[in-house]
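Q: Hey, I'm new to this one. Can you walk me through it?

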Amino acid sequence: MVAWNKLKITVHTTKTENYLYTNSFDIEGGNFSKAGTIATGIKSILKELGLPNDVVRKSAIVCYEAEINVVSYARKGFINLTVTPKTVQIEITDEGPGIPDIELAMEQGYSTANQQIREMGFGAGMGLYNINCYSDKFDISSEVNKGTFLKIIINTPQCI
Amino acid sequence: MKLREVKEILDADVIVGQEKLDMEVKTAFGADMMSDVLAFAKAGSLLLTGLTNTQVIRIANVLDIAAIILVRGKKPQTEALALAKELQIPILITKYILFETAGRLYVKGIVGCLEQVEDHSAHN
């Protein structure tokens with residue numbers, strides 16, 4: 001495993017904690033042909049940072065599902081990615097219809113997807129369920145007709 | 001087994017990745033549902049699917065899938081084909097149905113990338 005201190009990464013310092021990487025990525029609602037490109041890019045970034053394979057994998061899956069959700073349901077959204085020495089933090093914010101019943105939406109198999117989403121191979125009611133499964137910490141909040149906010153934390157084994 | 005043998009077993013056409021036929025593969029995952037592929041397929045596995053859009057290629061890329069086997073004689077959509085070429089992800093097309101494809105590979109030693117899912121922590 002690559003040790004953090006051997007990587008050519010500038011460690012930025014904020015008032016609260018050190019982070020190795022932070023960036024924001026816009027997601028276009030309704031643009032199905034681009035769906036998955038942000039998650040693919042994030043995976044490359046995390047791989048380049050030298051994070052362990054399973055952390056990269058979990059993060060990529062979470063981002064992919066979340067991106068598909070924003071593209072499928074929202075007008076627009078963005079992913080904030082922050083990598084610290086101990087965690088990968090992924091925040092997804094969208095402007096869209098929101099989720100009236102979060103508990104129901106989290107259930108495996110529950111979906112409101114249309115035909116277009118299903119033809120892509122999604123909309124089987126696995127998205128939020130998968131995100132929850134792959135997260136070490138998962139928070140979701142939503143307001144109908146405003147949007148949805150997800151915060152996911154994936155722990156990384158300490159490398160320093 | 002080498003990807004070349006996979007091609008022979010499935011009587012498949014290699015439409016992307018002719019130069020990667022010496023790659024070793026041991027495991028596979030088959031599904032048409034991309035969320036399940038994301039949840040269960042493992043790096044280095046073959047992905048057996050009947051879906052032909054760009055999502056399949058992007059997901060194969062994200063999961064480091066060794067090669068995509070399109071079953072039932074399906075052909076990738078134009079955009080998907082271009083993306084697979086760009087990302088150098090091999091695509092093989094077989095006329096066998098998903099069940100036959102999986103069975104033919106299994107008897108020759110390719111196994112599932114996982115045997116069973118677990119109750120709650122299946123994904124971890």
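**The sheet and the helices around it**

A: Strands here are DSSP E runs of at least two residues and helices are H or I runs of at least four, numbered from the N terminus; two strands pair if DSSP finds at least two bridges between them. This is a predicted model, where local features need pLDDT of at least 70 and side-chain atom pairs count only at pLDDT 80 or more, while totals for chains, interfaces and linings use all residues. Residues are numbered from 1 along each chain as its sequence is written, and chains are lettered from A and ligands numbered from 1 in the order in which they are written.

Q: What does B:Ala28 stand opposite in β6(B)?
A: B:Gly112. Strand β2 (residues 27-30) of chain B pairs with strand β6 (residues 111-112) of chain B in the parallel sense, over 2 bridges.

Q: And in β3(B)?
A: There, B:Ala28 stands opposite B:Leu46. β2(B) and strand β3 (residues 46-49) of chain B are also parallel, over 3 bridges.

Q: How does the chain cross from β2(B) to β3(B)?
A: Through helix α2 (residues 34-40) of chain B, in a right-handed β-α-β crossover. Right-handed means that, with the strands pointing away from you, the path from the first strand over the helix to the second runs clockwise.

Q: New topic: how do α1 of chain A and α3 of chain B pack?
A: Helix α1 (residues 37-48) of chain A and helix α3 (residues 54-62) of chain B pack at about 15°, with axes 10 Å apart. Axes are lines fitted to C-alpha atoms, for helices over the stretch in contact, and angles run from 0 to 180 degrees between N-to-C directions. That makes α1(A) roughly parallel to α3(B) (under 35 degrees is roughly parallel, over 145 roughly antiparallel, 65 to 115 roughly perpendicular, the rest oblique).

Q: Which residues meet there?
A: A:Ala39, A:Thr40 and A:Lys43 in α1(A) meet B:Arg58, B:Asn61 and B:Val62 in α3(B); contact means C-beta atoms, placed from the backbone, within 7 Å.

Q: What about α2 and α5 of chain A?
A: Helix α2 (residues 53-73) and helix α5 (residues 127-134) of chain A pack at about 155°, their axes 9 Å apart. So α2(A) is roughly antiparallel to α5(A).

Terms used
Two residues are in contact if their C-beta atoms, placed from the backbone, lie within 7 Å.
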